[in-house]
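Let's walk through this protein chain together, from a single residue out to the whole fold. Have the model open in your viewer as you read.

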Amino acid sequence: MRKAKLWGLLGMLFVSELQAAAGQAEEKKILTEGETLNYHCVYTRKHSQSQKAWQRVMDGGKAETLAFTEKTSKNSQELGGRYFLEDNTTQGAVHVRMTNVQMSDSGLYRCVIYPILSNPEVLESLRLVVTKGPSDSPSPDKNPPRDKAQTTTFPPATKAPVTQPPPKSTAGVSRPGLEVNPTHVTDVTRISVFSIVIPVACALVTKSLVLTVLFAVTQKSFGS
């Protein structure tokens with residue numbers, strides 16, 4: 001009977017040591033500036049009624065307490081308005097929340113049993129890495145948009161169809177110096193015929209006279 005109890009106590013101690021060793025294992029989280037850290041620290045049943053604290057381990061191993069739970073209400077107490085703790089005894093975990101993390105918040109954090117003793121019992125450790133967020137200022141555009149007044153394009157102007165008036169009829173319209181009369185056309189025709197016939201007739205008559213004179217002279221010469 002005593003051996004069974006002794007083995008049970010040894011088993012409980014062994015399990016608690018494993019849990020403590022697991023609790024001290026360092027976890028790592030990477031966030032961007034402005035984000036919120038949400039983290040859960042798990043504890044055993046024996047610490048369900050104990051107060052818990054959230055600490056930051058500074059250079060040299062010195063720890064700074066940022067927030068701790070109240071023993072009576074299990075609610076969180078915040079320091080500086082950015083750190084919140086909520087102890088859920090039913091689940092056996094402490095919910096840690098850090099808002100608006102910055103690059104200066106990078107470092108080692110841990111959940112411990114409160115009040116802090118010379119050798120505090122660490123539940124879990126977290127290595128927080130905060131990176132620079134994307135710049136809010138827009139990158140300069142190599143080709144900035146032009147002013148609307150310069151980029152406004154207008155449709156090409158369409159020419160209105162030009163309607164040409166119908167040609168005026170010249171019938172019955174006389175211009176000074178260009179009047180045409182049918183009778184005048186006949187006179188012009190007659191004048192042109194006479195101007196050709198008369199010279200031809202004169203030439204024929206002249207040739208006839210010359211031939212007659214030559215014939216008479218020839219006859220006279222042969223007769224003598």
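**A walk through the model**

Asn-100 counts as partly exposed because its relative accessibility is 42%, where partly exposed is the range between buried (under 20% relative accessible area) and exposed (over 50%), using a 1.4 Å probe and protein chains only. Asn-100 sits in the loop that links β6 (93-98) to β7. Although Asn-100 is not a glycine, its phi is positive, at about 50°.

A word on conventions: this is a predicted model, in which local features need pLDDT of at least 70 and side-chain atom pairs count only at pLDDT 80 or more, while totals for chains, interfaces and linings use all residues. Residues are numbered from 1 along each chain as its sequence is written, and side-chain values use heavy atoms, with hydrogens and water left out.

Now step into strand β7 (residues 107-114), where you will find Val-112. Val-112 counts as buried because its relative accessibility is 0%. Leaving aside residues up to four places away in sequence, Val-112 touches several residues, including Gln-51, Lys-52, Pro-120 and Val-122; a contact here means heavy atoms within 4.5 Å. Gln-51 is 61 residues from Val-112 in sequence, yet their C-alpha atoms are 8.7 Å apart.

Zooming out, the protein chain has three helices and eight strands, which are DSSP runs (helices H or I, at least four residues; strands E, at least two) numbered from the N terminus. Their order from the N terminus is α-β-β-β-β-β-β-β-β-α-α. Of the 224 residues in the protein chain, 22% count as buried.
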